[in-house]
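Me: I would like to learn how to read a protein model one feature at a time. Could you take me through this one?

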Amino acid sequence: MAAFQRRLIDARGEFQGNGGGLMPRMLASPAGGAPSREEHAVTASGGGGVALRGASRPRGGAFSAAKAIGRRRTAPGTPLWRVAVFASVALNVATLALLLHHYAVSHQHHAAAASPDQRHDTCVQPETSGKREDGAAAPTVEPRDRDTRAPSTGKPAVTHDSVINLDHGDPTMFEAFWRETGDAAEIVIPGWQTMSYFSDVTNVCWFLEPEFDQQVRRLHRTVGNAAVDGYHVLVGTGSTQLFMAALYALSPPNADGAAEPMSVVSTAPYYSSYPAVTDFLRSGLFRWGGDADTFVGDTYIELVCSPNNPDGAIREAVLSSDAGKAVHDLAYYWPQYTPITRRADHDIMLFTVSKSTGHAGTRIGWALVKDREVARRMTKFVELNTIGVSKDSQLRAAKVLRAVSDGYDDEHSSGGAMRSHRLFDFGRRKMVERWNMLRAAAAASGIFSLPEETTGYCNFANETAGNNPAFAWLRCDREDVVDCAGFLRGHKILTRCGSQFGADTRYVRVSMLDRDDAFDFFVRRLASLK
């Protein structure tokens, strides 16, 4: 107790220096036993001086603790030690009150001095479900500025002098659409849910959430871009994991290392990640074999990306062999990018939410696989690689896909709100607008060229539609420029060089999927280059 009293008195002394002596300073009696006759008293003047032993009592009628404990005698029937205890308790209570008052005042000053952003960061309020565990209504606390907080993309705001980074296909263009859909794509996952590794042990893909399976099939039936009846749906951490799973599943076993690795090929210009991912682990099962147009051999895995990344061309397999296999990457076969001319029914088809709905950060892709044994081997790869796929991400992706399908389902879109929230309509309008802007900018510059625009009848939209790829395959035609990516980098525009796609360095791939402000600065800057 004595040590605690001394710490409080020391702290109070600091406050008195700032507060003009709100309380008399006084040393407490030693713990245990009656106080000694000669007491240490602190003056009440606020100056902090310590009274000498045996000093006379302060004048005046005001009560002081020195009067209570500094007397040699007490009134009859009142032991001296009781008086000392009472004074000590009173002193502690008063000191504690002073500490709390000082803390409250200082906290208010600190909050007032903080910037609005600092106050926002330190005062984020959790959302509540509206009910407590006992069933009673609980206060709902809405986070401040919920709709104005910057998205967690890590991208700084774009200004006139900014470096415009269009190297990656980051699909932030779709943020504007999803901001307007309300709670249609929102999901709350209770703390007890999705805890097991397993989703459906009767399914070949035992970690596939049934709701995600259902919504994948529903969306393909709605759009008509891929067959789903008779197919196994597999889920992966993005379509890249499923691409690797397909290579593993289609490659012959090579336990003794005697067989040659399977060659993986694709027609140039091919997706820049194909060679990098294929050779990343230096597997003995497969290796990158280059351009399919120049490949010689009967044993291979051909990667067919259609519409193609980077040039948007509609592709078919160019190789044919009984020992050859094909994997169709249909990440961009959606109505916002290209006319849906047929229902694809290849042996292995890969898709991803990154480009279909724009939710790249959810990291969910899926494969439609005909053969059960191939599906089993692909599932085994994912099992060994990541022991399944995040259920939380699957449930979110399922809710997003449901919202997309609902927008085109007569039963769900009868209201005006749902009819206005049609993802593919939004995406197609944006892509048509952006491609018009880009073609105008290239024409104004006079030193760039783009692939010719193509059209086709879209079975989904029931009309003729243009091909508006997610990437622009841009060529610099100026004679003194042999490295288009380097030339644009000098003007603060980041793109991906054609050499990474097996093509000439005069070409670059430009993402068409960034936010409006970044794309607007890009086309203006491009048009100014001569």
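**Reading the model, feature by feature**

Reply: Ile387 sits in the loop between helix 10 (372–386) and helix 11 (391–406), where helices (H or I, at least four residues) and strands (E, at least two) are DSSP runs numbered from the N terminus. This is a predicted model, in which local features need pLDDT of at least 70 and side-chain atom pairs count only at pLDDT 80 or more, while totals for chains, interfaces and linings use all residues. Residues are numbered from 1 along each chain as its sequence is written, and side-chain values use heavy atoms, with hydrogens and water left out.

Me: Is Ile387 buried, exposed or partly exposed?

Reply: The general idea is to look at relative accessible area: buried means under 20%, exposed over 50%, and partly exposed in between (1.4 Å probe, protein chains only). Ile387 counts as partly exposed because its relative accessibility is 49%, whereas Asn462, at 55%, is exposed. Across the protein chain, buried residues make up 44% of the 530 residues.

Me: Which residues form a nonpolar patch on the surface with Ile387?

Reply: Patches are made of residues with over 30% relative accessible area and no salt bridge, like charges being joined within 9 Å and nonpolar side chains (Val, Leu, Ile, Met, Phe, Trp, Tyr) within 5 Å. A salt bridge here is a side-chain nitrogen of Lys or Arg within 4 Å of a carboxyl oxygen of Asp or Glu. In this structure Tyr197, Phe198, Val201 and Ile387 form such a patch, with about 460 Å² of accessible area together, and accessible areas come from the Shrake-Rupley method with a 1.4 Å probe, only the protein chains shown counting as cover for residues. Phe198 is found in the loop between helix 5 (175–179) and helix 6 (210–223), and with a relative accessible area of 45% Phe198 is partly exposed.

Me: In what order do the seven strands of the open sheet lie?

Reply: To read a sheet, one asks which strands pair, and two strands pair if DSSP finds at least two bridges between them. Here seven strands form an open sheet in the order 2-8-7-6-5-3-4, with mixed pairing. The edge strands, each pairing on one side only, are strand 2 (232–236) and strand 4 (286–291). Within the sheet, strand 5 (residues 300–305) and strand 6 (residues 325–329) run parallel and are joined by five bridges, and Glu302 has Ala326 in strand 6 as its bridge partner. Helix 7 (residues 238–250) packs on the sheet, touching strand 7 (348–352) among others, and its direction makes about 160 degrees with that of strand 7. For such angles, axes are lines fitted to C-alpha atoms, for helices over the stretch in contact, and angles run from 0 to 180 degrees between N-to-C directions.

Me: With which residues is Phe286 in contact, leaving aside its neighbours within four places in sequence?

Reply: Contact means heavy atoms within 4.5 Å. Phe286 lies in strand 4 and is buried, with a relative accessible area of 8%. Leaving aside those neighbours, its contacts include Leu247, Tyr248, Pro261 and Val264.

Me: How many residues lie between strand 10 and strand 11 in their hairpin?

Reply: Strand 10 and strand 11 form a hairpin with four residues between them, and Asn462 is in the turn. Four bridges join strand 10 (residues 455–458) to strand 11, and the two run antiparallel. One of the pairs is Tyr457 with Thr464 in strand 11.
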